[in-house]
Amino acid sequence: MITNDASIVGFKHKIIEEMARLAWKGEVTAEDKEELVYKIIPGPLAQYRCCIYKEREIVRRRIRLAEGLNSTPHSTTSEDMMIEVLSPACEECPISSYVVTDNCRSCMGKPCQKACAFGAISIGDERSRINPNMCKECGKCAEACPYSAIAHLERPCKKACPVGAITYDEYGVCKIDESKCIQCGHCIHSCPFGAIGSKAFVVDVVNAIRSGKEVIAMCAPATEGQFGEDISMASIRNACKELGFADMVEVGLGGDMTAAYEAEEWAEALEEGRKMTTSCCPAFINMLKKHFPEQFKENMSNVISPMCAVSRYLKATRPDCVTVFIGPCIAKKSESRDKSIEGNADYVMTYGEFRALLRSKDIEVKPADEDYQEASIFGKGFATSGGVASAVIECMKERGIDEKDIKLRKCAGGKECMQALTLLKVGKIPEDFIEGMACSGGCVGGPSKHVAEKETLKARQTLLGKADDRDILSNIKNIPMDKFSMYRDGE
């Protein structure tokens with residue numbers, strides 16, 4: 001039985017936790033996994049769905065996702081697609097997007113029926129009826145109703161998608177268009193039925209640790225504040241080592257590296273009068289690639305993300321190590337699987353998956369007495385909207401470059417990013433640089449954040465207040481930057 005939070009998130013993470021427990025024992029056989037299905041859903045009564053058979057099928061599919069696999073062997077989803085729809089869970093969602101409410105007065109003139117060009121509306125004794133199999137969701141009936149009695153029920157997954165990647169098949173099951181999806185993950189946590197999931201690599205990480213490899217955790221700048229004001233990066237580092245990681249490195253250090261190299265690009269772009277976008281948010285990069293390919297080629301920074309920077313640094317100085325990024329981002333999983341970028345993180349875990357891994361070994365994150373800081377306050381600031389730009393501008397100042405006339409557009413959230421890139425495409429954007437983050441508030445508002453953004457920011461204020469005031473360039477001067485490339489193309 002599920003002993004922790006019985007919500008959708010708790011249900012998903014309990015499966016990951018149990019899979020990690022099996023992995024620590026080296027017991028991830030087909031029999032072990034089927035036994036886990038019955039442990040999670042013992043029956044005889046269903047807990048969440050219409051029957052235990054559907055519940056068990058959903059668990060089986062989530063077990064495959066927990067192994068980093070597609071949810072079924074016959075899935076048409078590509079291996080590089082990190083997000084997948086669990087159709088048995090999605091079947092619970094209402095099929096019709098337009099429904100007639102109790103406000104219907106059964107008008108004599110039947111304006112809704114007359115407005116429908118597809119014959120989907122019939123007149124009942126008390127109100128009109130919409131046949132969902134015939135409805136084309138044009139909305140003409142809702143516009144025609146004098147009582148506003150026809151409501152548009154936009155599904156939460158579709159509403160959360162900033163790029164229109166979600167549609168539905170003839171049975172009402174959600175379909176994700178891979179050619180459009182930016183893998184931001186916002187649809188996952190918006191679904192009230194837990195019908196959309198992402199691949200996890202906790203089992204792979206456990207296997208790497210058990211095999212004796214040097215596995216190094218890399219924690220996102222957004223980590224500070226996620227677990228309260230008493231849990232510092234030193235606390236997380238200690239917990240990682242207790243898990244079996246060889247070490248943990250603060251990815252804010254990669255933020256310092258990225259800022260230093262993007263500052264050079266910005267200075268060149270200013271001289272040339274060329275617009276530029278930042279390159280840290282993978283969902284924003286996916287948006288550029290898939291929806292604005294010309295701007296991706298012409299305007300995007302060629303500098304790698306902080307995650308990739310730290311991973312390349314570790315692989316250059318500690319050969320054969322395995323790097324694991326821990327953060328609030330689903331899209332980072334897609335970045336780690338991008339074959340065009342060498343030396344990136346081997347695996348990515350969300351905070352929820354990290355916590356499940358901790359529970360699998362009964363480890364508690366505790367306040368730490370020692371100090372630990374590898375990033376400047378600017379590198380740590382990559383976690384919030386405006387932080388990337390602030391760090392780049394700081395580097396320009398440290399290099400004595402005049403940055404006073406820079407016009408900057410900070411975009412936080414998919415809608416703002418789409419608007420800015422659309423303006424860039426048509427040549428109507430007045431700003432010189434676009435900082436793009438697909439999540440509201442930046443990474444601290446990521447889809448897999450542990451606590452609410454407001455709570456995180458409050459705790460961050462306390463934790464960051466204890467950091468020293470080192471500058472960016474002096475912080476990375478002892479990093480052997482000549483041993484690895486800071487550019488996406490590897491040059």
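This is a predicted model: local features need pLDDT of at least 70, side-chain atom pairs count only at pLDDT 80 or more; totals for chains, interfaces and linings use all residues.
Colleague: How many salt bridges does the structure hold?

Modeller: The count is 26. One of them is between Glu 214 and Arg 318, with the closest N and O atoms 2.8 Å apart.

Colleague: Where do Glu 214 and Arg 318 lie?

Modeller: Glu 214 is in the loop between helix H9 (202–210) and S9, and Arg 318 is in the loop between helix H14 (306–317) and S12, so the pair ties together parts that are 104 residues apart in sequence.

Colleague: What relative accessible area does Glu 214 have? And Arg 318, what does that count as?

Modeller: Glu 214 has 28% and is partly exposed. Arg 318 also counts as partly exposed, at 25%.

Colleague: OK, S12 then. How many of the residues in strand S12 are buried?

Modeller: Six of the six, over residues 322–327, so the strand is mostly covered under the cut-off of 20% relative accessible area for buried.

Colleague: Which residues point which way from S12?

Modeller: Val 322, Val 324 and Ile 326 point one way, while Thr 323, Phe 325 and Gly 327 point the other way. All of these are buried. In a regular strand, side chains alternate between the two faces of the sheet.

Colleague: How many bridges join S9 to S12, and do they run parallel or antiparallel?

Modeller: Five, and S9 (residues 215–219) and S12 run parallel. Val 215 has Val 322 as its bridge partner in S12.

Colleague: And how many bridges join S12 to S13?

Modeller: Four, with S12 and S13 (residues 347–350) running parallel. Met 349 in S13 stands opposite Ile 326. From S12 the chain passes through helix H15 (residues 331–336) to reach S13, a β-α-β crossover that is right-handed.

Colleague: Back to charges. Which residue forms a salt bridge with Arg 399?

Modeller: Glu 264, with the closest N and O atoms 3.5 Å apart. Arg 399 sits in the loop between helix H18 (387–398) and strand S14 (408–412), and Glu 264 in helix H11 (residues 252–272), so this pair links distant parts of the chain, 135 residues apart.

Colleague: Is Arg 399 buried, partly exposed or exposed?

Modeller: Partly exposed, at 35% relative accessibility. Glu 264 is partly exposed too, at 32%.

Colleague: Last one: what is the N to O distance for Asp 468 and Arg 470?

Modeller: 2.9 Å, in a salt bridge between their side chains. Asp 468 is partly exposed at 34%, and Arg 470 is partly exposed at 24%.

Note on methods:
Residues are numbered from 1 along each chain as its sequence is written. Side-chain values use heavy atoms; hydrogens and water are left out. Buried means under 20% relative accessible area, exposed over 50%, partly exposed in between (1.4 Å probe, protein chains only). Helices (H or I, at least four residues) and strands (E, at least two) are DSSP runs, numbered from the N terminus. Two strands pair if DSSP finds at least two bridges between them. A crossover is right-handed if, with the strands pointing away from the viewer, the path from the first strand over the helix to the second runs clockwise. A salt bridge is a side-chain nitrogen of Lys or Arg within 4 Å of a carboxyl oxygen of Asp or Glu.
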